Amino acid sequence: MTRICGNASEFAQSALHGYSLVHRDLVRMVRGGVVRARPGRAGKVAVVVGGGSGHYPAFNGYVGLGFADAAVAGDIFASPSTQAIYSVARRAERGGGVILGFGNYAGDVLNFGIAAERLRHEGIDTRLLATTDDVASADVGDMTRRRGIAGDMTVFRIVGAAAEAGLDLDAVEEVGRRANSQTRTFGVAFEGCTLPGQPDLLFHVPRNRMALGLGVHGEPGIDERDIPPPAELAHVLFDRILAELPDDAPRRVAIVLNGLGSTKQEELFVLWEALSPLLAQTGLSVIAPLVGEYVTSLDMAGCSLTMTWLDEELERYWRAPVETAALRHGDITGEPDAASSVMEDDPPVVHAPAGTRAGQRGGLCVAETMARLAQALAGAEGELGRIDAVAGDGDHGQGMARGSAAAHQAARQAAQARAGAATVLAAAADAWADRAGGTSGALWGEGLRAFSTALDDVSVPDAPQLVHGARYAMERVMQLGRAQVGDKTLMDALVPFVETLERQCDRGCTLPDAWQVAADAAQKAADATRDLLPRMGRARTHGTRSLGHPDAGALSLALCLRVVGEGMPSVEPAPVSMRPMEHTDG
């Protein structure tokens with residue numbers, strides 16, 4: 001399953017070598033791991049961390065100023081050998097003794113322990129620091145049996161900064177043990193990980209489910225439940241850790257929201273948004289939080305939350321300068337400012353009342369139409385996205401659903417303020433463009449705004465206004481997008497609609513009947529785009545792939561036109577002159 005693998009048995013070694021080539025300003029490769037390219041000063045306590053590979057940036061990515069002096073790398077999820085640990089530590093040792101940091105796993109405990117004995121036998125004072133932050137792996141009364149997972153990052157970071165600051169071996173060890181005792185981690189997995197060269201995942205999580213209490217060596221969790229919304233997931237992680245908060249624990253915390261390999265950083269930011277109010281409600285001050293991948297498990301999908309309660313000394317080391325491949329910053333000063341992260345809303349838009357009952361009815365008609373569009377496009381979101389993905393980026397359904405929902409909201413607010421049809425439609429147009437984004441959002445927003453210039457705020461829109469509005473919208477979209485019929489865009493449906501609507505109304509058809517005939521023409525034209533090659537937009541670079549598939553933009557427009565027509569009340573036929581009305585393009 002690993003796409004770039006080579007010889008699977010040499011994967012870890014190849015990755016280590018490639019890493020050392022990229023970051024040769026920071027590290028150099030030695031037998032069994034990497035050491036600092038610029039060793040620490042003479043007499044400094046050497047911090048040597050390590051464990052199995054497959055966890056990058058742990059542990060190699062943490063070698064550098066203010067963090068580790070060296071890292072030992074075993075095979076994938078396997079403890080490094082005693083000889084490798086001993087050899088790397090000997091190279092890193094600067095005369096102040098050695099701290100060996102690792103997660104609390106049987107193989108690591110054994111190999112790091114034997115290596116420490118050999119180093120001591122040679123007169124090198126060596127201390128062991130096994131992290132035990134995983135709250136899911138043992139009860140609170142049996143913490144020595146807990147695993148070390150993403151808490152490795154915070155504990156070893158603090159230890160490395162303490163050693164960099166010049167503390168002696170006893171003091172660095174004490175700092176490390178205190179940091180470890182005040183660190184907790186809990187995580188979830190949405191899917192397992194794949195060992196290099198293997199055809200399948202180590203374990204599977206059923207679709208739409210998540211495993212609770214994962215490890216970082218490909219172990220399944222201890223329980224399972226449905227994947228909840230972000231707000232609930234934040235509680236799952238936060239509440240499990242907070243349950244172990246001692247009464248006298250500091251109220252200042254270091255936090256790492258960690259991705260396990262294939263959970264994207266944007267997803268973690270969404271989760272952080274949900275975590276922030278929980279932290280504030282509990283009265284915790286978050287010091288220099290980290291969100292990203294820090295201790296991974298190959299390509300596992302999942303995340304974990306780590307909290308380290310900081311006393312004054314631990315906080316000083318957490319804030320200290322660091323320069324590694326995975327983490328670089330200067331001395332972090334100042335207090336957290338919660339107010340600076342609060343999203344500020346735009347001032348509410350004040351809509352002037354229409355002034356007449358007919359104008360207010362016109363505004364309500366537009367708002368009701370936007371409500372129907374939003375409902376229809378929400379239902380079509382998946383199918384429009386699937387069609388768009390054939391030769392595009394697959395976001396058309398989402399954009400149309402978001403844009404129409406925002407337009408519905410804005411139109412409803414304007415109508416509640418008793419605004420007229422022109423004002424309500426203009427408000428909906430701006431909201432559509434703002435929320436949908438992208439090319440489609442801009443074109444729809446400007447098209448609807450141009451349409452609004454054919455309306456007024458003192459009457460219910462009549463046939464001439466609506467027909468002229470359709471033409472203004474078409475001309476504005478064509479002006480901005482520069483697409484013509486045959487380019488495989490929404491213009492392939494919009495032009496036939498407008499032209500058919502004008503002909504039908506000129507023949508004396510009622511507006512609902514004319515609209516229905518025109519909407520049918522738009523649908524037929526949209527379906528026919530399956531035989532076209534795109535000549536505009538992003539899809540033009542994948543033209544042949546789209547052959548045989550209709551254009552998503554043309555289909556969504558045809559859908560919208562049909563929905564508008566279905567909600568149109570019957571009225572008397574009205575002659576429509578196609579002489580241009582005075583209007584202002586949006």
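## Charge and surface

The chain carries 54 positive and 73 negative side chains, and the centres of these two sets are 4 Å apart. The structure is a predicted model. Its accessible surface amounts to about 25900 Å², and carbon and sulfur atoms contribute 52% of that area.

## Overall dimensions and fold

The secondary structure of the chain consists of 17 helices and 15 strands. Along the principal axes, the C-alpha atoms occupy a box of roughly 105 × 50 × 40 Å. The radius of gyration is 32 Å, whereas a compact globule of 586 residues would have a value near 25 Å.

Of the 586 residues in the chain, 53% are buried. Among contacts with a separation of 6 or more, 72% are made by residues 24 or more positions apart.

## Helix 6 and its surroundings

Helix 6 spans residues 230-242 and contains 13 residues. The distance from its first C-alpha to its last is 18 Å, close to the 18 Å expected at 1.5 Å a residue. The buried residues in helix 6 are Leu233, Ala234, Val236, Leu237, Phe238 and Ile241.

An α-helix has 3.6 residues a turn, so residues three or four places apart point the same way. The cover over the buried residues of helix 6 includes both strands and a helix. The strands include strand 7 (183-191), strand 8 (209-212), strand 9 (223-226) and strand 13 (301-309); helix 7 (265-281) also takes part in this cover.

## Leu364 in helix 9

Leu364 is located in helix 9, which comprises residues 357-389. Its relative accessible area is 44%, so Leu364 is classed as partly exposed, a category that lies between the limits of 20% and 50%.

In sequence, Leu364 and Ser137 are 227 residues apart. Their C-alpha atoms are 59 Å apart in space.

## His408 in helix 10

His408 belongs to helix 10, residues 396-416. With a relative accessibility of 23%, His408 also counts as partly exposed, because a residue is termed buried under 20%.

When residues up to four places away in sequence are not counted, His408 touches Ala367, Met370, Ala371 and Ala374.

Technical notes. Residues numbered from 1 in each chain as written. Predicted model: local features only at pLDDT ≥ 70, side-chain atom pairs only at ≥ 80, totals over all residues. Heavy atoms only, no water. Helix = DSSP H or I, 4+ residues; strand = E, 2+ residues; numbered from the N terminus. Rg over C-alpha atoms; globule rule 2.2 N^0.38 Å. Buried < 20%, exposed > 50% of the residue type's maximum accessible area, 1.4 Å probe, protein only. Contact = heavy atoms within 4.5 Å. Areas by Shrake-Rupley, 256 points an atom, 1.4 Å probe, with all protein chains shown as cover. Lys, Arg positive; Asp, Glu negative; His and termini not counted. Charge placed at Lys NZ, Arg CZ, Asp CG, Glu CD. Expected span 1.5 Å × (residues − 1).
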